[in-house]
Amino acid sequence: MDVEDNRRPHRNHPGRLALMSLVRTIPLRTEPVEGEALDSWLEALAAGSRAPLTQIADALGLRGAASGKLPASPRWTIALTSAEGEQLALATGIAPKVLHHMTLARWHGRALFVHPQRRRVDRRRMWGRASGSRFCPACLKETGGRWQLSWRLAFTFACTRHRLLLADTCPSCGEIPRSRAHYTGTTPAAGICPTKSREAPLERCRQDLRETATPNLAADSPLLRAQRQLTELIEGEPETTTDFAGLYGSAPVARAQVLADLRIFAHRVLAVAEDEDLARWGDLELVGRCQAHCQMPLTSYGGRRAPHTRGSWVAPTDAAAAGLALSAALDGLGHPDPEGVADRIAWLTDRLQAAGESLAHCDIEKWSEEASPDLVATVLGAVHRSQGRRAVRLHYRSTTGRPETPAKGLDLPRARAEKVPASLWDTWTLRMMPKASAGNLRWATVQQALAVSTLQVGAWINLREAMHLLGTNLLVKTLSRTLDTLHTHQTGSDILRALTLLADVLDSDGSPINYARRRKIFGGRRDFIDFDDWTRIRRSAGHNYPAGSCVHHANRWIYQRLTGNPLRMMPVTNTPGPDDHPKKYPQFTFGLHPLETDALKRRCHELLADHGITEPLSWQPPIPAQVDTLQLAGTCLESIAPTQVHDLLLAGTTSASAAAHALGTSPAHIRCIIDRHPLSRHDIVADRIDKWRQLYLSGHSVAEIARAVGGGHETILTELRRIGVQIRPQAPRHQYTHLTQEVIRRYTELDQSLQDIADATGMCKATVRNILKREKVPRRRCGRRPLR
């Protein structure tokens, strides 16, 4: 760090050269101890020379004009100017680099910040301490009273060499060592408290700090482990680290930023942690000291100032409090896995919410200006895991373990809307939609809801805006209710995680189809193929009877393939024809012949070519391997082989629902399989029609034929008529024939009412009335019966 001295003359100024000539060489030299602070070494020089510290400072040219005493924290203990370094090196024979390394400026920009002009520690950043030092009694005794520079950092609270918690104050006077004036007029005494007594200012405390009692720490103590990690962070090289991948990812991050985030998190620990929380990292004695420190009013100036709020920038004055808070911070934020970080800090977010603290994004950012976006997003991720709203979890991508601040504006969702159809791809929807849902989920609605949610991943966009980008015309409350049903499902978090993975695939790999352009070109059209063309296609596939309303379904099929929109977004004609039945569209798609499917696809390619579009007709984004690790309640498209569905259809299964029930899946799954692997219904009919004819001519009913061979009643009758078989007239079915006489007897002889007869025979009242009408039994007048 380059320290500016406004009072220092130019290096060639005659006054400066004269000053250099006045610096005397110290005859009795003392080598500094490794890690020693500059003022401690100067005291050792003064003690070795049997001279007051003020004389040594004057001799070395550190004090300038004599003031008679030293301040509590001389500027040269914090940072040396170049001139002071040169003077000290000349007088003591110690290299200037070593001397600069003995001041707090060695950690400038990492563990603290020093004002370059004033040479003062910024107390509002990085828990900087303006003065004072903790100490290890064993180290003082071992080194003859030499003070380590690192003891002055708020991040130092334990001695890893002697496994001791550092002492904060003198046990006799209660003052923080080295926070008041040093020895001035007398020779310094190593390891002895120099604090002047408040009652008798001319007397000093003179307590032997080397005999101070301080708690021992176990070899596996979390505090010692945390202290080693912090020391490595502060002293390590280079300026960046990758040890906190769970919080910052794999990219290197500045060590100063890591320390800043640890400090911010540690302050929140001190604010809301309970005894049972802190007990994970310390024993009852340490926890008690920490809680006593947190409950103590913050005062300054020797108690002459009224108690005030302890801000997050105020460094803890108790080593136990600092140790427990930083141990908790390192334990939570230091986990290598993002999910592990969220798990380990969940207790703190729960405490913060229980204390009534708001944990919105803007509130967490207000914790400190030094808070990194990674810390803000990680805390939000932990909050969202337990009680976050669905949209918020998508905005911040908090299901990924690597939450990020959402992108503002509509640029990201608008670009993603070009890659997403209004109805999400069926392979992804099958994975996320529960097969058995108590929320009454509809396939088409779920597809649209998931597509809209994909636009919300990592972006500040609400549901209505996302629906507008895709052109979805569902009611907002309908879409919101569907998403809430999915979110509250037991696999809701994994569904949000899958949506985030899908958004990542689209953002990184893109899409070969511009769905926004297709929606604009084809979204307003209704007619893509006329009746004559569709009739030719039907006849080429072996259907000789009229196409009927199927042409409307063919247009719907083309509309869906071209736009990716649901059918409800297709324009509706003002005068719908009598043969148009939209509800039968699923049956149409389920029964398409492979030749018909190929012809419709060719028509789609022709329409695309007419507008100069060379994109593929359809596309599905690949499903990444991470989706397979999620606990989704849906199903995989490939979990059922197409041959299984074909075999069921050939065996007589007539609908997607029946096939789904037989295979234990959803009807949507069966339709997706048939859509990709259509089966010729003409071949099925051709294989069975001869058996149908033989059984029918032999006197079997249509119901008996369907049970024996397979097929639907309407299909059997239609095919029999087509090949010229005369259909027998259907005899009227009379139910309860064996009870006819009993009904008549009860009505005519016993004079029972219709309801009484129904209760006695087990039939309904309407059936009793129909039997009497069929048998032409005279009915009694309604009303009260005459008394007999």
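How many of the 11 residues of helix 5 (residues 82-92) are buried? The legends below take up this question and others.

**Figure 1. Overview of the predicted model.** This is a predicted model, in which local features need pLDDT of at least 70 and side-chain atom pairs count only at pLDDT 80 or more, while totals for chains, interfaces and linings use all residues. Residues are numbered from 1 along each chain as its sequence is written, and side-chain values use heavy atoms, with hydrogens and water left out. The protein has 38 helices and six strands, where helices (H or I, at least four residues) and strands (E, at least two) are DSSP runs numbered from the N terminus. Of the 788 residues in the protein, 49% are buried; buried means under 20% relative accessible area, exposed means over 50%, and partly exposed lies in between, with a 1.4 Å probe and protein chains only. Among contacts (heavy atoms within 4.5 Å) between residues at least 6 apart in sequence, 70% join residues at least 24 apart.

Figure 2. Helix 5 (residues 82-92) is mostly covered, since eight of its 11 residues are buried. The buried residues of helix 5 are Ala83, Glu84, Gly85, Gln87, Leu88, Ala89, Ala91 and Thr92.

**Figure 3. The crossing of helix 8 and helix 13.** Two packed helices are described by the angle between their axes and the distance between the axes. The axes are lines fitted to C-alpha atoms, for helices over the stretch in contact, and the angles run from 0 to 180 degrees between N-to-C directions. For helix 8 (residues 222-235) and helix 13 (residues 319-333), the axes come within 9 Å and cross at roughly 70°. The two helices, helix 8 and helix 13, are therefore roughly perpendicular to each other, a term for angles of 65 to 115 degrees, whereas angles under 35 count as roughly parallel, over 145 as roughly antiparallel, and the rest as oblique. On the side of helix 8, the residues in contact are Pro222, Leu223, Ala226, Gln229 and Leu230, and these meet Gly323, Leu324, Leu326, Ser327 and Leu330 in helix 13. By class, this contact of helix 8 with helix 13 has seven nonpolar, three polar and no charged residues; here Ala, Val, Leu, Ile, Met, Phe, Trp, Tyr, Cys and Pro count as nonpolar, Asp, Glu, Lys and Arg as charged, and the others, Gly among them, as polar.

**Figure 4. The packing of helix 31 and helix 32.** Helix 31 (residues 656-663) and helix 32 (residues 667-676) pack at an angle of about 110°, and their axes are 8 Å apart. Helix 31 and helix 32 are therefore roughly perpendicular to each other. Ala656, Ser657, Ala659, Ala660 and Leu663 of helix 31 make the contact with Pro667, Ile670 and Arg671 of helix 32. Six nonpolar residues, one polar and one charged form the contact of helix 31 with helix 32.

**Figure 5. The surroundings of Glu370.** Glu370 lies in the loop between helix 15 (361-365) and helix 16 (373-387), and Glu370 counts as buried because its relative accessibility is 15%. The side chains of Glu370 and Arg263 are joined by a polar contact of 2.6 Å. A polar contact is a pair of N or O atoms within 3.5 Å; within protein, one must be able to donate a hydrogen and the other to accept it, and residues adjacent in sequence count only if both atoms are side-chain atoms. Leaving aside residues up to four places away in sequence, Glu370 touches Arg124, Arg125, Met126, Gln257, Ala260, Asp261, Arg263 and Ile264.

**Figure 6. Backbone details at Arg119, Asp751 and Pro238.** Most residues other than glycine have a negative phi, and most peptide bonds are trans. Arg119, in the loop between strand 1 (114-115) and strand 2 (120-121), has a positive phi near 55°. Asp751, in the loop between helix 36 (740-748) and helix 37 (754-761), also has a positive phi near 55°. Arg119 is buried, with a relative accessible area of 3%, and Asp751 counts as buried at 19% relative accessibility. A cis peptide bond, with omega about 0°, joins Glu237 and Pro238, and Pro238 is placed in the loop between helix 8 and strand 5 (240-241).
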